[in-house]
Protein chains: 2
Amino acid sequence: MLRVRMNKIQKRATIEDVAKLAGVSTATVSRVVNQTGQVTEKTTQRVRAAIAEINYLPSAGAKSLASRKTNTIGLLSSDISVPFFGPILRGIESEATRVGYGLLISCTQSSQNSSKVYDRYLGPHNTDGLLVFAGTLSDEELGYLVNIGFPLVLLHQSSPAGLSIPSVTVENKDGTYSLVNHLIEVHGCQRIAFLRGPENHQDSYWRELGYRESLKAHSLPYDPHLIGVGAFNQLEAYQTVKDWLANGLEFDAVFGGDDEGAIGAITALREAGQRVPEDVAVVGFDDIHLAHYLIPALTTVRAPIEQAGQQAVKQLVRQIEKEIPDPITMLPTELVIRSSCGCSSEQEVLA
Amino acid sequence: MLRVRMNKIQKRATIEDVAKLAGVSTATVSRVVNQTGQVTEKTTQRVRAAIAEINYLPSAGAKSLASRKTNTIGLLSSDISVPFFGPILRGIESEATRVGYGLLISCTQSSQNSSKVYDRYLGPHNTDGLLVFAGTLSDEELGYLVNIGFPLVLLHQSSPAGLSIPSVTVENKDGTYSLVNHLIEVHGCQRIAFLRGPENHQDSYWRELGYRESLKAHSLPYDPHLIGVGAFNQLEAYQTVKDWLANGLEFDAVFGGDDEGAIGAITALREAGQRVPEDVAVVGFDDIHLAHYLIPALTTVRAPIEQAGQQAVKQLVRQIEKEIPDPITMLPTELVIRSSCGCSSEQEVLA
DNA sequence: TTGAAAGCGCTAACAT
DNA sequence: ATGTTAGCGCTTTCAA
């Protein structure tokens with residue numbers, strides 16, 4: 001008795017129901033729904049009314065079967081919990097919605113079933129194109145997809161040689177260049193240590209380049225002793241700096257490679273009784289939420305992550321619509337000066 | 001000349017191609033793909049070989065059209081960038097993948113088109129069920145969906161009266177109760193201020209209840225003057241505490257309502273020259289990433305967010321499979337004691 | 001401007 | 001154990 005009217009297995013309204021109700025053919029309903037072809041204003045009204053009346057919503061499955069288009073894009077990411085995933089997803093979602101695409105997402109621990117393209121969760125069978133985060137698909141898989149003409153955009157990773165897949169990234173080199181310039185020009189740093197990111201990581205590569213170019217631009221020597229493993233990871237950075245300190249390495253600044261690396265460095269420095277920034281300046285990259293709240297607040301580089309997501313979708317949609325995408329989209333970064341470099345920053349905790 | 005072999009508009013392999021290649025009927029291919037019905041080992045092999053050879057992947061659209069099942073669940077969220085979105089999404093994604101469902105996500109600024117259920121991005125037309133974050137769907141919309149028998153799970157929000165939609169949340173009351181107990185029992189706090197969260201927010205409600213129960217359990221009076229607006233927001237919390245201080249309100253502890261509120265409180269206290277935790281203890285709720293790094297490190301309450309995501313998917317899938325879901329899933333929280341309450345916490349920056 | 005009808009690629013009876 | 005076949009709900013020529 002508690003389950004009155006529970007058995008309403010009424011199937012959902014179909015285009016045919018609408019057609020019948022409006023007294024037109026399904027073709028006409030399709031025309032007004034998709035705004036394709038000419039339909040009298042009057043007919044259009046009737047159809048719309050019918051649609052509203054029975055709460056009609058076109059079946060996505062039937063639609064894509066008939067039109068060979070899913071109107072959905074896929075996002076492939078290796079780890080959803082990287083700090084900038086939120087902002088980038090936000091950018092992707094808003095842009096996808098804006099241009100009328102659904103967003104299907106999936107995490108993949110890469111290098112597992114690397115060549116089994118055919119049992120992927122995301123692909124030509126359920127999406128019109130894929131946004132591929134760094135490290136989620138092997139070159140082989142990418143090659144396969146490119147080969148069958150499937151739209152792809154690389155995020156935070158440039159295209160493997162051979163395949164020319166459009167990619168969108170941020171200006172790592174420029175950002176680092178400005179950052180290191182600041183250390184040298186404003187704070188007079190002379191021996192700037194650098195905590196390198198993970199091997200084979202594009203960001204690491206370009207940041208190191210920016211670091212070197214800045215040194216060169218100021219006629220400062222590149223000293224390999226000042227280069228260590230940071231791996232974009234607090235603990236590794238901490239260990240490296242601790243070792244440096246134990247070995248008596250001299251330096252007046254540390255670029256952590258990223259903000260996590262900078263935090264690790266600060267921790268090590270502090271444990272060794274060094275003051276930041278008085279004794280050693282420390283800077284990071286990424287401007288994670290936390291950077292703002294550290295004491296001292298971290299000087300770092302900010303990238304327009306959300307825009308990167310939007311751009312990626314734009315480039316992908318271009319391909320889906322058979323237009324030519326930009327081969328590379330490189331978003332500008334911005335220096336965020338706080339206190340850890342030695343600048344005195346205003347109270348910005350509640351900025 | 002640069003575009004050799006560009007025109008490969010070869011359409012994707014279909015089940016028929018596989019059938020032909022393997023010398024069987026499409027029904028048999030369907031059987032081996034979906035592991036439904038009996039098929040000889042030998043035939044199975046042939047089919048699998050054919051599938052692998054032409055890289056066959058069943059069209060999702062055709063599949064759902066024929067089977068009336070999308071094998072996809074939808075996630076509706078109002079704001080993708082709340083701090084715990086990462087972990088919860090991670091839980092949702094992993095569980096969805098585990099049970100063989102795709103994940104479609106969409107953000108909705110609620111209270112816009114509130115009743116236009118039929119032009120929603122996510123719904124019965126493209127998903128088998130929806131995970132609904134607090135504040136994304138109006139009661140009316142929820143009612144409509146419940147009414148047509150569409151599987152729903154509420155996240156971080158309990159069911160509106162009338163509709164009995166399964167929900168999964170965390171133990172806000174218990175968590176707060178333990179937290180306040182700690183302040184009273186361990187640190188001897190007597191006048192504990194409370195920064196209330198947003199109006200009509202479920203978390204606010206239960207946290208306040210936990211706060212009051214703890215006071216009562218220790219025969220401490222409930223003083224309305226000690227209750228203020230925190231709104232789960234740094235700035236608001238900051239203002240409130242600043243006002244309190246200006247007005248000479250006396251208190252020996254502040255529960256920020258959440259971690260953001262706690263941060264706002266700490267800022268205000270510090271500006272007024274008060275020391276935390278020596279003069280005033282401050283505690284939060286959520287254990288955001290940042291909590292760990294604050295100075296002093298924030299004592300707070302941690303919820304198993306990722307598990308909440310998993311549970312939500314589990315409950316949703318139960319409904320999709322016509323099983324009975326748990327009406328309410330309440331995940332336990334855990335007290336995280338650091339320094340801001342007055343405890344001396346070990347160095348845990350690199351924990 | 002509108003309708004009829006042939007698929008789209010798959011599943012699920014029903015046969016065999 | 002396997003094949004035949006009738007849809008699933010939509011789009012899209014082609015006619016009218």
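**View 1. The protein surface around DNA strand D.** In this predicted model, 29 residues sit around DNA strand D. Which ones come nearest? They are A:I15, A:S30, A:A66, B:A27 and B:Q38, so look for both chain letters when you zoom in, because a residue counts as near if its C-beta atom lies within 6 Å of the strand. Helix 1 (15–22), helix 2 (26–34) and helix 4 (60–67) of chain A each supply at least two residues here, and helix 2 (26–34) and helix 4 (60–67) of chain B do too. Sorted by class, this surface has 12 nonpolar, 14 polar and 3 charged residues.

**View 2. The protein surface around DNA strand C.** Now move over to DNA strand C, which has 29 residues around it. A:A27, A:Q38, B:I15, B:S30 and B:A66 are the closest. The class count reads 12 nonpolar, 14 polar and 3 charged.

**View 3. Chain B laid on chain A.** How do you get one chain onto the other? Turn chain B by 180°, with a shift of 0.0 Å along the axis, and it can be laid on chain A with an RMSD of 0.1 Å. That is the relation of a two-fold axis.

**View 4. Where the two chains touch.** This contact takes 47 residues from chain B and 47 residues from chain A. On the chain B side, helix 4, helix 5 (85–98), strand 2 (102–107) and helix 9 (234–246) each supply at least two residues. Which of chain B's elements gives the largest share? Helix 5 does, with 7 residues. The chain B side divides into 26 nonpolar, 17 polar and 4 charged residues. And 100% of the interface residues of chain B are also interface residues in chain A, so the copies meet through the same surface.

**View 5. Chain A on its own.** Here you can pick out 11 helices and 12 strands. The C-alpha atoms fill a box of roughly 85 × 50 × 45 Å along the principal axes. A compact globule of 351 residues would have a radius of gyration near 20 Å, but chain A comes in at 27 Å. Of its 351 residues, 47% count as buried.

How values were computed
Residues are numbered from 1 along each chain as its sequence is written. Chains are lettered from A and ligands numbered from 1 in the order in which they are written. This is a predicted model: local features need pLDDT of at least 70, side-chain atom pairs count only at pLDDT 80 or more; totals for chains, interfaces and linings use all residues. Helices (H or I, at least four residues) and strands (E, at least two) are DSSP runs, numbered from the N terminus. Ala, Val, Leu, Ile, Met, Phe, Trp, Tyr, Cys and Pro count as nonpolar, Asp, Glu, Lys and Arg as charged, and the others, Gly among them, as polar. Copies are superposed by least squares on the C-alpha atoms of residues with pLDDT of at least 70 in both. Two residues are in contact if their C-beta atoms, placed from the backbone, lie within 7 Å. The radius of gyration is taken over C-alpha atoms; the globule rule is 2.2 Å times the number of residues to the power 0.38. A residue is buried if 20 or more other C-beta atoms lie within 10 Å of its own, exposed if 12 or fewer, and partly exposed in between; C-beta atoms are placed from the backbone.
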